[in-house]
Amino acid sequence: MVPPKEQDTTPKVQERRRWSRQPQSDPSDIQTTRPVLDPLRFSTRDLAPEEQFSAWQAYMALLVDLKLPELARPSDGFPADHAAWNLEGMLVIQQQAPAHSYARTAEKLRASTLDHWCLTLTRSGQAWTEVNGRVAETGPGRIELRSLAHPFSGRITQSDNLIIYLPRELFRNSSALMDASNNEVLSDNLASVLVDYLKSVEMRLSSLTAEDLPRIVSTTRDIILACLSQTSARAQATDQQMNVALMERARQYIQRGLNSPDLTPDMLCRELGISRTRLYQLFEPNGGVLHYIQKRRLHTAHAVLSDQSNTQRIADIAESVGFMSLASFSRAFSNEFGYSPREARNVASPLFSTRTTADTGKSRSFNDWLKLLGS
């Protein structure tokens, strides 16, 4: 006889979801953000061969002076391509060019206040760049950091490069580390991470939205600093780093005091606790301290004028950056940018690439993007 089964008296526990079920979203309800980047493209390929190199020289003149290799002739042609993408806080350049030599001379530095950082990823070709007697060699897959605030010269074979321009202001809290790494070729594991990251950004340039841009800029900065921090020797205090720290204090003081007519070399000397000779030595690569102050005033005013939400009178903007005369401001502004303050206000800023030439009625310029980067 089979005994009866014992009755299971364990209370049944009803299964409950810890989180409420989320309703399925309708794909038609998802709002997509429109890509905003529109590149500037320049090529010499449509020109006659004998005109190609001079056209490339003119296009790059704000940055460097260029020469052909010793045995090359202009009639041989110089087929080169340049595409610039403006992420507002940094510029991304895709560039292919034949062999040439380049130099950013002391005279070139005095002609403009460009002091951006330049990060170059070499995809093909080789380059040799000299800064203060030290030569850095790059090749495929290698990445180099260089400052536009210091003279340099070099030569490059036929090449394909991805170039990133970043404003010095982006690294204001790490200026000593950055300047100690000028003309460095990055080669450790984190440098490989940076290379992969930049390639990934490049692949997505045409689909980036306005919300993406500041995050990409800050991430790029953070990875660069992580790469540089790997070498403890770079973080040691040196005379050069002390000079950089002093220069950074001067830059920040000038930026804060642009609206003051009392912003003079004597005031800067008192603020920094240095002699006039020392101050002039600091700003010599920038064409002098007064030259630098005026440039910063003009670029700050341009940024304000380009802000479509700003309704200040031009005279008030001029006064806010330290110009006591509207006439002198207009004259200096036109000399710097090639157009008047009123034209800058009436036309959307060339800094932003969210508008096409048809939208603005005025051609955008790679030189404008360089000059206004970080303003």
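Ser101 is partly exposed, with a relative accessible area of 23% (buried means under 20%, exposed over 50%, partly exposed in between; 1.4 Å probe, protein chains only). The structure is a predicted model in which local features need pLDDT of at least 70 and side-chain atom pairs count only at pLDDT 80 or more, while totals for chains, interfaces and linings use all residues. Residues are numbered from 1 along each chain as its sequence is written, and side-chain values use heavy atoms, with hydrogens and water left out.

Ser101 belongs to strand S5 (residues 100–104); strands (E, at least two residues) and helices (H or I, at least four) are DSSP runs numbered from the N terminus. Not counting residues up to four places away in sequence, Ser101 touches Asp65, Leu66, Lys67, Gly154 and Arg155, where contact means heavy atoms within 4.5 Å. The C-alpha atom of Ser101 is separated by 8.7 Å from that of Thr157, which is 56 residues apart from Ser101 along the chain.

In the chain as a whole there are 14 helices and 12 strands. Of the 375 residues, 47% are buried. Among contacts between residues at least 6 apart in sequence, 73% join residues at least 24 apart. The chain exposes about 20,300 Å², of which carbon and sulfur atoms supply 49% (Shrake-Rupley method, 1.4 Å probe; for residues, only the protein chains shown count as cover).

Helix H4 (residues 189–203) and helix H5 (residues 212–228) have axes that come within 9 Å and cross at roughly 160 degrees; axes are lines fitted to C-alpha atoms over the stretch in contact, and angles run from 0 to 180 degrees between N-to-C directions. H4 is therefore roughly antiparallel to H5 (angles over 145 degrees). On the H4 side, the contact is made by Leu190, Ala191, Leu194, Tyr197, Leu198 and Val201, and on the H5 side by Ile216, Thr219, Thr220, Ile223, Ile224, Ala226 and Cys227. By class, this contact has 11 nonpolar, two polar and no charged residues (Ala, Val, Leu, Ile, Met, Phe, Trp, Tyr, Cys and Pro count as nonpolar, Asp, Glu, Lys and Arg as charged, the others, Gly among them, as polar).

Most residues other than glycine have a negative phi. Glu88, in the loop between strand S3 (81–86) and strand S4 (91–97), has a positive phi near 70 degrees and is partly exposed at 32% relative accessible area. Asn132, in the loop between strand S7 (127–131) and strand S8 (134–138), has a positive phi of about 50 degrees and counts as exposed at 74% relative accessibility.

Conventions
Angles under 35 degrees count as roughly parallel, over 145 as roughly antiparallel, 65 to 115 as roughly perpendicular and the rest as oblique.
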